[in-house]
Amino acid sequence: RAIALPLSSKLGVRDKLRPKPQPNPVLETFYSMHCKNPKEGELMSLAKKCDLPVRKVERWFQRRRNTDRPSLSKKFCEACWRFTFYVISFFTGLAVLYDKPWLWDHRECWTGYPQQPLQPSLFWYYLLELSFYWSLVFTLPFDVKRKDFKEQIVHHAATIFLISFSYCANYIRIGTLVMVIHDASDCFLEPTKIFNYMKWKKTCDSLFMIFSAVFLISRLIIFPYTVLYNTYYYSMEIFQPFFGYYFMNALLITLQLLHVFWSCLIIRMVYKFLLQGTMEKDMRSDTEESDRDEEREKIVEKEKNGITRFSNVTSSNYIQRNGSEPLNNRAHLTNGHVKER
């Protein structure tokens with residue numbers, strides 16, 4: 001908030017002016033206690049209680065939901081914070097692992113296991129990653145909520161279990177590989193969001209394509225070969241399976257299933273990007289409902305005003321030409337058309 005918020009205003013990130021719903025204790029109580037998106041029957045019941053048209057009650061709920069949605073500046077601040085962490089974490093991982101033999105020869109992950117000494121640099125790298133993911137769990141109710149909210153919870157839980165269990169079972173070498181592989185693509189995801197909020201379309205599209213390539217290669221190729229194949233087969237050459245072997249691999253498979261889920265979303269976005277020539281909005285983010293509905297209503301109202309104005313103009317021309325008032329034999333309908341009586 002101290003750095004990214006002033007930076008967002010200087011970079012031209014502007015929050016939309018959202019119309020606030022009028023104070024209504026009955027609707028507010030229903031919104032907070034029962035449901036944020038009532039069905040048609042509930043809308044009609046609430047409309048009778050408040051003595052309001054159903055359309056106004058529906059619009060009140062749309063505006064109330066939009067007030068709970070995060071603003072553009074909040075999304076910008078969150079993306080800046082995560083970008084800062086992922087860059088620090090990724091380069092910390094490279095600095096810690098570049099001279100370690102298991103980064104280049106994956107069989108070295110099991111040399112001397114389980115009696116592998118824990119170096120201080122690996123301990124602090126583990127602590128950095130574990131503290132970050134615990135912080136994500138604690139701030140989950142306040143962070144920007146997206147459509148894959150449930151998948152994010154599963155991901156955070158699996159990651160925390162993996163980091164903690166790999167530390168306890170001395171799977172340190174495998175754990176460091178998992179963390180550095182995950183941070184590689186995240187370094188490109190957050191700046192993509194930042195430039196998207198700044199409306200720098202070309203830069204955003206370029207970074208999105210780089211992120212897509214890094215994500216798909218790291219999560220669908222490098223991770224299965226470097227980590228999954230390593231834990232499933234190379235470890236069997238050193239010792240027989242035990243409980244930790246099955247538990248660790250189950251968590252890794254859970255992560256891989258999440259990778260496949262997110263890869264499908266990314267491939268869909270890349271496909272539409274190649275067809276349309278520009279990146280569409282993030283499929284994980286929610287859209288503001290009232291904006292779409294109010295724009296649609298404005299268009300309809302403009303069309304009605306245009307038809308009414310055209311009808312008035314033609315009627316006045318008819319009066320000027322004939323010198324008599326034709327309205328005694330005609331009646332104007334609500335849609336602007338004229339019908340003979």
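Modeller: Asn-170 sits in the loop between α8 (149–168) and α9 (172–197); helices here are DSSP runs of H or I, at least four residues, and strands are E runs of at least two, numbered from the N terminus. This is a predicted model, where local features need pLDDT of at least 70, side-chain atom pairs count only at pLDDT 80 or more, and totals for chains, interfaces and linings use all residues. Residues are numbered from 1 along each chain as its sequence is written, and side-chain values use heavy atoms, with hydrogens and water left out.

Colleague: Is Asn-170 buried or exposed?

Modeller: Asn-170 is buried, at 16% relative accessible area (buried is under 20%, exposed over 50%, partly exposed in between, with a 1.4 Å probe and protein chains only).

Colleague: And what about Asp-51, buried or exposed?

Modeller: Exposed, with 68% relative accessibility. Asp-51 also has a positive phi, about 55°, and lies in the loop between α3 (40–50) and α4 (54–68).

Colleague: Switching topic: which peptide bond is cis?

Modeller: The one from Tyr-113 to Pro-114, with omega near 5°. Pro-114 is in the loop between α6 (101–104) and α7 (120–138).
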